[in-house]
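The sequence and the structure come before the details.

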Amino acid sequence: MSGSSHLQLINLADEEQSVSLRVLGGIGFSGTGKYDALHAEIVVSSGFVSGRVELYLDAYELDRWAEVLESVATGGKVGWLDSGRSPRITIDPADETESGCTEVSVYDVTGSQVVVTVPIANQPDWDAHCQLLAEVRSRFPLEP
């Protein structure tokens, strides 16, 4: 693995709890100077439960994240990484939840089978998440 500087791709947080996805590095097999996959981890932190789960992302999944950001910015419920090969994330906008908070669920479908839903009181800045995606793509260019 190369590219050891961690970058945030997702950072949904309030004063008490958070869900983040950190890119830990890039993995290259093809010898082209681009990466074939990104090693990452989803980190959940709250006063009640904390945990992390590792995963690998490819160019398709980053393209899909860009689509998810467009959809969630308009107020729609979204799911990401729903292939069944990795943990899955769903985001329910605040206006569609009973709690009045944006609810982020992480499903560890390939490991523990645990599902955690974290309400985030602060309104997410989806434009900032688009910038995070651009930074990840710039730092870790992926093979298509």
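Strands here are DSSP runs of E with at least two residues, numbered from the N terminus. The model is predicted.

**Two residues with positive phi**

With strands defined in this way, Gln113 falls in the loop between strand 7 (102–107) and strand 8 (115–120). Leu81 is also a loop residue, placed between strand 5 (78–80) and strand 6 (88–92). Neither name belongs to a glycine, yet phi is positive for Leu81 and for Gln113. The table sets out the values.

| Residue | Phi | Relative accessible area | Class |
|---|---|---|---|
| Leu81 | about 65° | 5% | buried |
| Gln113 | about 70° | 53% | exposed |

Leu81 counts as buried because its relative accessible area of 5% is under the 20% cut-off. Gln113, at 53%, is over the 50% limit and therefore counts as exposed.

**The nonpolar core**

The largest nonpolar core holds 36 residues, and those touching the most other members are Leu9, Leu21, Leu57, Trp65, Trp80 and Ile89. Helix 1 (residues 59–73) gives the most to this core, with 6 residues.

Leu9 sits in strand 1 (residues 7–13). Its relative accessible area is 0%, so Leu9 is buried. Apart from neighbours within four places in sequence, Leu9 is in contact with Leu21, Val23, Leu57, Leu62, Trp65, Trp80, His129, Leu132, Leu133 and Val136. Glu135 lies 126 residues from Leu9 along the chain, and the C-alpha atoms of the two are 8.4 Å apart.

Leu57 is another of the core members named above. With neighbours within four places again set aside, the contacts of Leu57 are Leu9, Leu21, Ala37, Leu38, Ala40, Leu62, Trp80 and Leu81. The list for Leu57 thus includes Leu81, the buried residue with positive phi.

**The largest pocket**

Which residues line the largest pocket? They are Ile42, Val44, Val49, Ser50, Gly51, Arg52, Val53, Val106, Asp108, Ser112, Val114 and Val116. The volume of this pocket is about 180 Å³. Strand 3 (37–45) and strand 4 (50–57) each supply at least two lining residues, and strand 4 has the largest share, with 4 residues. Sorted by class, the lining consists of 7 nonpolar, 3 polar and 2 charged residues.

Key. Residues numbered from 1 in each chain as written. Predicted model: local features only at pLDDT ≥ 70, side-chain atom pairs only at ≥ 80, totals over all residues. Heavy atoms only, no water. Buried < 20%, exposed > 50% of the residue type's maximum accessible area, 1.4 Å probe, protein only. Contact = heavy atoms within 4.5 Å. 1 Å grid on protein atoms, 1.4 Å probe; cavity = no way out; pocket = protein on both sides within 12 Å on 5 of 7 lines; lining within 4 Å. Points joined across faces, edges and corners; volume = space filled by probe spheres on them. Nonpolar A, V, L, I, M, F, W, Y, C, P; charged D, E, K, R; others polar. Core = buried A, V, L, I, M, F, W, Y, C linked by side-chain atoms within 4.5 Å.
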